[in-house]
Amino acid sequence: MISFHEHLMVNPMYIIVFVFIACALGSIVTVWGADSALPANFSASPLEQIEQLYNQVKKEIKDLFKAGEPDGTLPASFSTSPLEPVVFASDFIVQKFSTGLEFPTTMYFVGDDILVLEKFTGKVIRIKDNGAHYNESVLDVPVDACWESGFLGISSISNHVFLYFTESESGFDKIECHDQPVKNKVYRYDWNGEKLINPILIKELPGNLEGHHRHNGGAMTKSQNNEIYFVIGDLSQSGTFQNIPNKIIYETSSIFKVVTESNNSVELYAMGIRNSFGLAVDPVTGYLWDTENSTNNYDEINLVKPGFNSGWKRVMGPVDRDNPDIDGPQTIPPPFENFVYSDPEFSFYHAVGLTAIEFPDKGSFEKYSDWLFVGDYNNGRIYKFQLNSDRTGFVFSNPELSDLVLDDNDEIDEILFAKGFQTVTDIEFHDDAMYVVSISDGSIYKIYEPTQSELANKIVQDTILTLILVGTAIAVTLGVTMGVIRRKRMRS
Ligand SMILES: [Ca+2]
Ligand SMILES: [Ca+2]
Ligand SMILES: [Ca+2]
Ligand SMILES: [Ca+2]
């Protein structure tokens, strides 16, 4: 359902119509008022009421103009306010699809149902194709969920569902932070149509090495060749996988590949990653892509070829840029095994907390088949990037973006697809629609092309709102005019 505020925001035309009608009616009513005598016993209180309404509407309009500022200039505190979602593509609408989830992180479709992970409960919630939840969770694991730990990643190949979570040693869910060592684990479960059963441990990784519960990564995706990729961040380490050659070799800052057709063997695939909440495989090229998170500067989108070194802690963002997060100049890391550094395909100078990354399905999103979508946590936005012809990078029409960095004053419109989701943590495409998980909102949104009847409903809504606005304009104009008349009469 489209809210009143959202409606006003997406239709600045209404404000113009409003002001125009208010002005036009204002002059007409003033003329009428000048020629007409008000009854002597005219009570002042309705006028006061109208004046109050006028002030209220004035405030409302002021707020609306504040909300309508160009997106790129919105301060973070404002953009995280509970605005309703807006899609900047006129042929799509957005609907709140499912609610009442407790801090959902990521999701995956099994058939037409969604399995979604709750960060702190360790529950896998199953959602029907109408957005309703099944009563019982399909799995409930013990999670150690302080800070960025917890239930983090899901993917699936046929009836095998792969899960990434920080496992609680005690067997009970734990939210409190602590210094005890824990493990991040990847399990494979069987989906029997009702429950996730028969867990097999695929990979055990460190967790909470410094007691920080930070940079656990957790994103997962699958390739067309029945491989599963998953990622872990640096767990605040400074060692070999962070491009600091020393004796510290924890399995961190890495992307791993599970070869399911080879007895679930796990291979190291990429290194030098500070942290990541997003992996996706291009359905055309089979290339893996990721999103990566900076301290303050240069969040990244990367094409991740086998043996990719993302460069952390020597470099974040393009190596020829200065990065205040890095001590001294940025440098290409020294070689480690066969890993090769390459610059990101795009970066955000100012960290936005990049999370989800996804290639569109066909159907309604066919027109975006050469685009890549990315979500962010800090602003609740969804960005879109047009791929080049060999799908190894992006093309832009705005020269400010052609340097492959969104700098602070760059115009953002070209890459902004939607906003207002508070905190995006996952995106999936399914059956003509894009689904978006908002962790702090406890909701999944659906972005899709409306049917004819939904479109008709929207037109009716538009008409009603226009009438309401015209009515308000008349009331306001009357209020102003009558106020003027009253003051004139009081003076005379
Ligand atoms: Ca649990
Ligand atoms: Ca990098
Ligand atoms: Ca730029
Ligand atoms: Ca996803």
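Student: Is His-215 buried or exposed?
Tutor: This is a predicted model, and the answer comes from counting C-beta atoms around the residue. A residue counts as buried if 20 or more other C-beta atoms lie within 10 Å of its own. His-215 has 24 of them within 10 Å, so His-215 is buried.

Student: Where does His-215 lie, and what is its phi?
Tutor: His-215 sits in the loop between β10 (196-207) and β11 (220-222). Although His-215 is not a glycine, its phi is positive, at about 60°.

Student: Which loop holds Asn-243, and what is its phi?
Tutor: Asn-243 is found in the loop between β12 (227-232) and β13 (254-259). Asn-243 is not a glycine either, yet its phi is positive, at about 65°.

Student: Is Asn-243 buried or exposed?
Tutor: The cut-off for a buried residue is 20 or more other C-beta atoms within 10 Å. Asn-243 has 25 within that distance, so Asn-243 is buried.

Student: Which residue is joined to Lys-313 by a cis peptide bond?
Tutor: Lys-313 is in the loop between β18 (308-309) and β19 (340-341). The cis bond has an omega of about 10°, and the partner of Lys-313 in it is Trp-312.

Student: Which residues have the most contacts inside the largest nonpolar core?
Tutor: That core has 95 residues. Those with the most contacts inside it are Val-116 and Val-436.

Student: What is Val-116 in contact with, leaving aside neighbours within four places in sequence?
Tutor: With those neighbours set aside, the contacts of Val-116 include Leu-101, Pro-104 and Met-107.

Terms used
Residues are numbered from 1 along each chain as its sequence is written. Chains are lettered from A and ligands numbered from 1 in the order in which they are written. This is a predicted model: local features need pLDDT of at least 70, side-chain atom pairs count only at pLDDT 80 or more; totals for chains, interfaces and linings use all residues. A nonpolar core is a set of buried Ala, Val, Leu, Ile, Met, Phe, Trp, Tyr and Cys residues joined through C-beta atoms within 7 Å. A residue is buried if 20 or more other C-beta atoms lie within 10 Å of its own, exposed if 12 or fewer, and partly exposed in between; C-beta atoms are placed from the backbone. Two residues are in contact if their C-beta atoms, placed from the backbone, lie within 7 Å. Helices (H or I, at least four residues) and strands (E, at least two) are DSSP runs, numbered from the N terminus.
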